[in-house]
2 protein chains.
Amino acid sequence: MHKHQSITAALLAVLCASPAAHAADQAAASGQTIYRAGSQPSFAGPVANFDGKVRVDPLFPAGAQGSFSAAAVNFEPGARSAWHTHPAGQYLIVTNGTGWTQAEGGPVEELHAGDAVWCPPGVKHWHGATPTTAMSHIALTATRDGKNVEWLEKVSAQQYRR
Amino acid sequence: MHKHQSITAALLAVLCASPAAHAADQAAASGQTIYRAGSQPSFAGPVANFDGKVRVDPLFPAGAQGSFSAAAVNFEPGARSAWHTHPAGQYLIVTNGTGWTQAEGGPVEELHAGDAVWCPPGVKHWHGATPTTAMSHIALTATRDGKNVEWLEKVSAQQYRR
């Protein structure tokens, strides 16, 4: 598969909740589904929706079993998402480094490894690294009517640096 | 609060989906809820339901926002859960080390950091460390009618060592 097709397919699988697009070690697990490390390609956060270098490592897709999908997202220093909302909400679990998140109208909140965040449906927000430190989080994103994110405008340098 | 009360309260909060029992930094986040690292006490996996040394670090409770709660669970070498089922299923995301899981009637599956597992509702299973290596996972457990686990018998040494 062509690299860009692969990236697009992987991104769509994460964003659009398509379990069939993911490798899963189902046969061997007798009732459990194992999504093996290394079985799903990493991909870059697309420039339309992110600033800076962002790598996404899929963990599991949404499916009949539940409305959440999961991915580990790794922001290099200075990298951040665009503003966006989630129609059915999103949890973040910070696994490494120090980053920032902000809901519209609120302060920028600093996040550290071990912190967890709940962003309710429809709350406009962004998240990413600080200018000088990388940040990784697991994102658990709920799906409603096959959609789990509404992308909006980029976070400007002025908004990011305050 | 007395230590055992604290442990019981924290365990019940994780197992019984009681958001009010958890410290959450809601005011500062303008629409997002931040569960700060260090704000929720760690507790030991109770001897009724675990063998060996198991530490649970709560991440977020179930709530109106979704039926999943999350905790990081850390198994020392030789430690494992009892057999159990989840009425609404459970995801595991392995964050460190190497461990084992088994669904009833199936083989013991080895798990490594980066692996994710879906255990469907009602599937009898156990998970834990190997005899010689620790394993940590994030457990994302769905709740149905206020309940997210049905504990069964311990995993015998014979079953564990095969």
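Trainee: How many salt bridges does the structure hold over all chains?

Mentor: There are 16 of them over all chains. Keep in mind that this is a predicted model, so everything we discuss is computed from its atoms.

Trainee: Why is the pair A:Lys154 and A:Asp51 called a salt bridge?

Mentor: Let's set the value against the rule. The N to O distance between these side chains is 3.4 Å, and the cut-off is 4 Å between a Lys or Arg nitrogen and a carboxyl oxygen of Asp or Glu. The pair is a Lys with an Asp and falls within that limit, so the name applies.

Trainee: What makes it a link between distant parts of the chain?

Mentor: The sequence separation: the partners are 103 residues apart. A:Lys154 sits in the loop between β13 (150-151) and α2 (157-161) of chain A, while A:Asp51 belongs to strand β3 (residues 50-51) of chain A.

Trainee: Why are A:Lys154 and A:Asp51 called partly exposed?

Mentor: The class covers what lies between under 20% (buried) and over 50% (exposed). A:Lys154 has 33% relative accessibility and A:Asp51 has 22%, so both belong to that middle class.

Trainee: Which residue forms a salt bridge with A:Glu153, and how do you know that the pair qualifies?

Mentor: The partner is A:Lys124, with the closest N and O atoms 2.8 Å apart. That is within the 4 Å limit, so the pair counts. A:Glu153 is in the loop between β13 and α2 of chain A, and A:Lys124 in the loop between β10 (116-119) and β11 (125-129) of chain A, so parts 29 residues apart in sequence are tied together.

Trainee: What is the class of A:Glu153, and what is the class of A:Lys124?

Mentor: A:Glu153 has a relative accessible area of 40%, which makes it partly exposed. A:Lys124, at 17%, falls under the 20% cut-off and therefore counts as buried.

Trainee: Which residue does B:Asp51 pair with in a salt bridge?

Mentor: B:Lys154, with 3.4 Å between the closest N and O atoms. B:Asp51 is in strand β3 (residues 50-51) of chain B and B:Lys154 in the loop between β13 (150-151) and α2 (157-161) of chain B, so this pair ties together parts 103 residues apart. B:Asp51 has a relative accessible area of 22% and B:Lys154 has 32%, and each is classed as partly exposed.

Trainee: How many salt bridges are there between chain B and chain A?

Mentor: The count is 4. One salt bridge joins B:Arg36 to A:Glu109, with the closest N and O atoms 3.0 Å apart. There is also a network of salt bridges that links A:Arg36, B:Glu109 and B:Asp115.

Trainee: How many residue pairs are in polar contact across the interface of chain B and chain A?

Mentor: The rule finds 12.

Trainee: What makes the approach of B:Thr101 to B:Trp126 close enough for a polar contact?

Mentor: A polar atom of the B:Thr101 side chain lies 2.8 Å from the backbone oxygen of B:Trp126. The limit is 3.5 Å, so the distance passes.

Trainee: How do you know that A:Tyr160 is buried?

Mentor: Its relative accessibility is 1%, under the 20% cut-off, so it counts as buried. A:Tyr160 is found in helix α2 of chain A, and its side chain reaches the backbone oxygen of A:Ala129 at 2.8 Å. Its contacts include A:Gly78, A:Trp100 and A:Pro131. A:Gly78 is 82 residues away in sequence, yet the C-alpha to C-alpha distance to A:Tyr160 is 8.8 Å.

Trainee: What share of chain A is buried?

Mentor: Buried residues make up 54% of its 162 residues. Chain A has 2 helices and 13 strands.

Terms used:
Residues are numbered from 1 along each chain as its sequence is written. Chains are lettered from A and ligands numbered from 1 in the order in which they are written. This is a predicted model: local features need pLDDT of at least 70, side-chain atom pairs count only at pLDDT 80 or more; totals for chains, interfaces and linings use all residues. Side-chain values use heavy atoms; hydrogens and water are left out. Helices (H or I, at least four residues) and strands (E, at least two) are DSSP runs, numbered from the N terminus. Buried means under 20% relative accessible area, exposed over 50%, partly exposed in between (1.4 Å probe, protein chains only). A polar contact is a pair of N or O atoms within 3.5 Å; within protein, one must be able to donate a hydrogen and the other to accept it, and residues adjacent in sequence count only if both atoms are side-chain atoms. Contact means heavy atoms within 4.5 Å. Lists of a residue's contacts leave out its neighbours within four places in sequence.
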